Number of protein chains: 2
Amino acid sequence: MKINIPESDQERIVIVGGGFAGLTLARELKKQDYQVVLIDKNNYHQFQPLFYQVAMAGLEPSSIVFPFRKAFQGEKNIFIRVTEVERVDTAKKQLHTPLGLCNYDYLVLAIGADTNFFGNEEIARKALPMKSVSEALSLRNRILTDFEIALSVTDYERRQQLIDIVIVGGGPTGVEVAGALAEMKRYVLPKDYPQLPTDEIDIHLVEGADRLLLGMSDEAAGKAQEFLEGLDVKVRLNTMVTGFDGEVATLSDGSQIPAHKLIWAAGVTGNKMPGLPQEALAKGNRLAVDRFNRVAGTERIFAIGDIAYMEEEDYPKGHPQVAQAAMQHAKNLGKNFKRLAKGTSMQPFAYRDLGSMATIGRNRAVADLPGFKFQGAFAWLIWLFVHLFQILGVKNKVFIFINWVWNYLTYDQSLRLIIRPKEGPIKAAKD
Amino acid sequence: MKINIPESDQERIVIVGGGFAGLTLARELKKQDYQVVLIDKNNYHQFQPLFYQVAMAGLEPSSIVFPFRKAFQGEKNIFIRVTEVERVDTAKKQLHTPLGLCNYDYLVLAIGADTNFFGNEEIARKALPMKSVSEALSLRNRILTDFEIALSVTDYERRQQLIDIVIVGGGPTGVEVAGALAEMKRYVLPKDYPQLPTDEIDIHLVEGADRLLLGMSDEAAGKAQEFLEGLDVKVRLNTMVTGFDGEVATLSDGSQIPAHKLIWAAGVTGNKMPGLPQEALAKGNRLAVDRFNRVAGTERIFAIGDIAYMEEEDYPKGHPQVAQAAMQHAKNLGKNFKRLAKGTSMQPFAYRDLGSMATIGRNRAVADLPGFKFQGAFAWLIWLFVHLFQILGVKNKVFIFINWVWNYLTYDQSLRLIIRPKEGPIKAAKD
């Protein structure tokens with residue numbers, strides 16, 4: 001059975017994955033002389049930099065995701081399919097999906113990366129990752145549910161276990177989650193749970209290296225740690241989490257932290273695409289690509305974004321796995337497809353670092369921009385506007401802006417809701 | 001084990017259920033000389049009149065629900081517990097819950113009503129109800145998922161089955177869902193699914209009586225039907241759905257409608273509370289109460305809202321199971337508790353009908369207000385403002401207002417997102 005997409009005289013480009021890389025490429029290919037098929041397992045694009053705000057009840061999922069069909073309304077050469085790709089058959093130039101086979105003339109893998117548990121099965125089973133809006137929502141439900149349960153627990157140790165949280169990984173995600181939790185502890189929880197000793201909530205941030213924010217400057221890292229400690233986050237450097245059974249986290253120095261929740265933001269690994277040759281695989285399960293994003297050992301297959309491993313003079317270990325690299329890959333490849341169609345030669349990719357930022361809380365952020373580093377309230381304001389500007393959809397921008405102003409003025413988030421669709425009917429939908 | 005609530009010299013009123021009745025009563029009891037425990041299985045109040053807009057991707061769940069803890073922040077005599085009541089022990093004046101036993105001096109049952117499938121197990125298993133925000137969200141996910149699947153189906157009959165919808169029950173819910181679906185079919189789906197024959201989507205509204213909106217006037221019913229038929233909804237009166245296996249709906253006239261989705265809004269039945277005496281039970285599984293909302297055959301137990309069956313001179317079959325009756329019960333009972341505390345005598349309840357409304361779509365609503373009936377654009381505007389005014393929370397009002405203006409101007413709903421929390425971590429929370 002073939003996937004049901006109209007026959008066309010145009011060559012078909014199939015993009016797998018609608019994250020920053022895949023979405024940007026599809027937008028570049030609008031109106032180009034190709035038939036474009038965008039495949040994603042969700043019907044929406046997710047704005048990953050704000051997942052932590054969904055997890056912390058500051059924003060609704062709907063504000064940070066955008067339906068693909070709406071993004072491409074009226075684009076006659078773009079076809080969206082919500083499904084998963086099981087494998088690629090490079091010889092037949094075909095993808096296998098539950099909806100049927102999908103032929104391609106060009107294949108672009110923008111399949112991104114997922115949480116890396118470094119092979120620790122127990123942690124993978126018990127820890128809470130935050131690599132999708134669904135996972136962020138689950139984390140929110142979990143935190144709120146545990147507070148509700150804690151209310152009825154009279155045993156001191158057991159109650160502490162329910163309200164304490166361990167965050168693993170001192171990158172931007174870990175730092176932002178820790179900061180947001182610390183603010184929730186300070187401003188929201190005492191009002192919601194007067195019966196709980198909310199000042200006794202311990203927030204642990206555990207990082208294996210000797211500093212936070214490894215991708216950023218020493219100044220940024222130092223200031224981030226100062227901000228976090230000012231908010232009572234217990235930062236532990238040079239420490240790794242070696243085990244977590246759902247009740248107690250074990251650290252590399254042998255010590256233990258009793259905690260019911262462990263948020264894992266300690267690293268990523270490339271998502272898998274069965275059917276590719278062995279030589280395509282690079283470090284971190286990424287796909288080795290040349291300067292034109294062509295996957296090693298394949299024909300007419302490209303990889304862009306977090307999954308792509310491209311060595312450049314200044315980046316001998318590949319580009320950082322961040323949104324701006326993904327979007328730059330996609331833009332260059334989009335232009336190269338235009339060149340291919342015209343019969344001119346493709347241009348190699350060159351990464352341009354636009355800097356990076358992380359926010360810790362109200363008026364507290366750190367920013368490394370090219371040639372200029374700053375921390376504090378101004379960085380925080382810049383952070384807000386950069387993210388507001390990047391999010392897709394005018395209504396999303398409006399809603400996020402109102403939410404932020406609201407939360408800022410009231411010291412409150414009003415989205416502390418444990419909502420989930422009934423499981424019955426959803427399962428039935430998959431019958 | 002006892003539920004963990006501080007001892008108090010005040011008498012304890014336990015309210016079970018935080019719908020319109022329970023929430024209104026708890027608000028009446030703020031600052032009164034009682035200790036109040038509000039028990040609900042969710043941590044939020046749900047605004048039922050707008051469930052259909054969540055189902056139709058017009059509003060987000062978070063806009064129409066409100067966290068109890070936020071509603072009662074700073075109220076020292078109100079305690080909220082998120083749990084389910086398993087049964088009542090009237091002799092010991094205790095409730096059994098998974099969090100432990102909960103004593104009461106006064107018990108108020110505001111447990112509402114749930115979908116009534118009239119004993120048809122197959123329909124109960126396969127049909128889609130809409131009595132909670134979770135069910136509304138599931139319905140939305142189901143509709144959108146079926147459209148995605150339909151894209152890959154080339155067989156005409158099978159595809160129709162996926163996109164056609166049967167709605168059972170011509171009350172306000174059925175009428176409002178049918179109208180919203182018809183507008184989605186007309187304005188949204190053709191843009192999102194150019195590959196699907198969206199004009200061939202059949203929307204069936206099946207009602208057992210000889211007219212729609214039984215609780216309203218003939219004029220309202222007639223105009224509602226006219227509006228619906230103008231939007232191509234197939235209205236079938238004097239017809240009942242006798243079976244639905246998930247693929248085909250069977251009607252009382254023997255005819256069949258192949259459809260993968262059947263929305264059931266054909267009636268309600270009171271939620272059960274084990275432990276009450278037999279004589280407390282009235283028609284429709286409601287609880288028989290006197291004019292003071294005291295449950296028959298019990299002591300110090302009250303029932304308010306949809307679950308309460310109170311006969312009045314003008315209402316020999318009990319009050320309509322609507323929000324305004326629930327809120328009026330609650331307000332009267334709240335005042336009676338104040339009188340009890342003062343040692344004065346309680347006042348009997350008297351229902352005051354403030355009229356009813358239903359909306360069919362843009363500029364189309366019907367309204368029966370006391371002494372004055374009207375239909376069309378003005379009724380629609382009134383409907384919007386009445387609902388906006390009633391919804392809890394200023395931010396909710398702002399967000400709903402922006403959404404409505406947005407949808408009105410763009411002929412679009414941008415919330416067509418199939419989002420659900422990951423199942424794994426949520427299950428773990430219940431371990």
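## Guided tour of a predicted two-chain model

Begin in chain B, at strand β9: select B:Val108, which is the bridge partner of B:Ile15. Helices (H or I, at least four residues) and strands (E, at least two) are DSSP runs, numbered from the N terminus. Residues are numbered from 1 along each chain as its sequence is written, while chains are lettered from A and ligands numbered from 1 in the order in which they are written. The model is predicted: local features need pLDDT of at least 70, side-chain atom pairs count only at pLDDT 80 or more, and totals for chains, interfaces and linings use all residues.

**The sheet of chain B**

Two strands are taken to pair if DSSP finds at least two bridges between them. Display next the whole open sheet of chain B, whose five parallel-paired strands follow the order β5-β2-β1-β9-β20. At its edges are β5 (78-82) and β20 (301-303) of chain B, each with pairing on one side only. From one strand to the next, the twist averages 20°. Axes here are lines fitted to C-alpha atoms, for helices over the stretch in contact, and angles run from 0 to 180 degrees between N-to-C directions.

Move to chain A and select its open sheet of five strands, ordered β5-β2-β1-β9-β20 with parallel pairing. The edge strands, β5 (78-82) and β20 (301-303) of chain A, each pair on one side only. On average, neighbouring strands of this sheet are turned by 20° against each other, direction ignored.

Centre the view on β1(A). Five of the six residues of β1(A) are buried; a residue is buried if 20 or more other C-beta atoms, placed from the backbone, lie within 10 Å of its own, exposed if 12 or fewer, and partly exposed in between. Towards β2(A), the parallel pairing of β1(A) extends over six bridges, and A:Arg12 has A:Gln35 of β2(A) as its bridge partner. Towards β9 (residues 106-109) of chain A, β1 (residues 11-16) of chain A pairs in parallel over four bridges. There A:Val14 stands opposite A:Leu107 of β9(A). Helix α1 (residues 20-29) of chain A packs on the sheet and touches β1, β2 (34-40), β5 and β9 of chain A, its direction making about 160° with that of β2(A).

**A hairpin in chain A**

A:Val366 faces A:Gln375 of β24(A). The two strands form a hairpin with two residues between them, and A:Gly371 in the turn has a positive phi of about 80°.

**Where the chains meet**

Superpose chain A on chain B: a turn of 180° and a shift of 0.0 Å along the axis give an RMSD of 0.0 Å, by least squares on the C-alpha atoms of residues with pLDDT of at least 70 in both copies. This is the relation of a two-fold axis. The same surface serves both copies, as 96% of the contact residues of chain A recur in chain B.

Select A:Lys397, which lies in helix α12 of chain A. A:Lys397 is partly exposed because 16 other C-beta atoms lie within 10 Å. Beyond its neighbours within four places in sequence, A:Lys397 is in contact with A:Leu388 and A:Ile391.

**Confidence**

Finally, colour by pLDDT, the predictor's confidence in each residue, from 0 to 100. Chain A has a mean pLDDT of 92, with 97% of its residues at 70 or more. Over residues 423-431 of chain A, pLDDT stays under 50. Where pLDDT is low, the predicted coordinates should not be read in detail. For the complex, the predictor gives an ipTM of 0.88 and a pTM of 0.91.

Key: Two residues are in contact if their C-beta atoms, placed from the backbone, lie within 7 Å.
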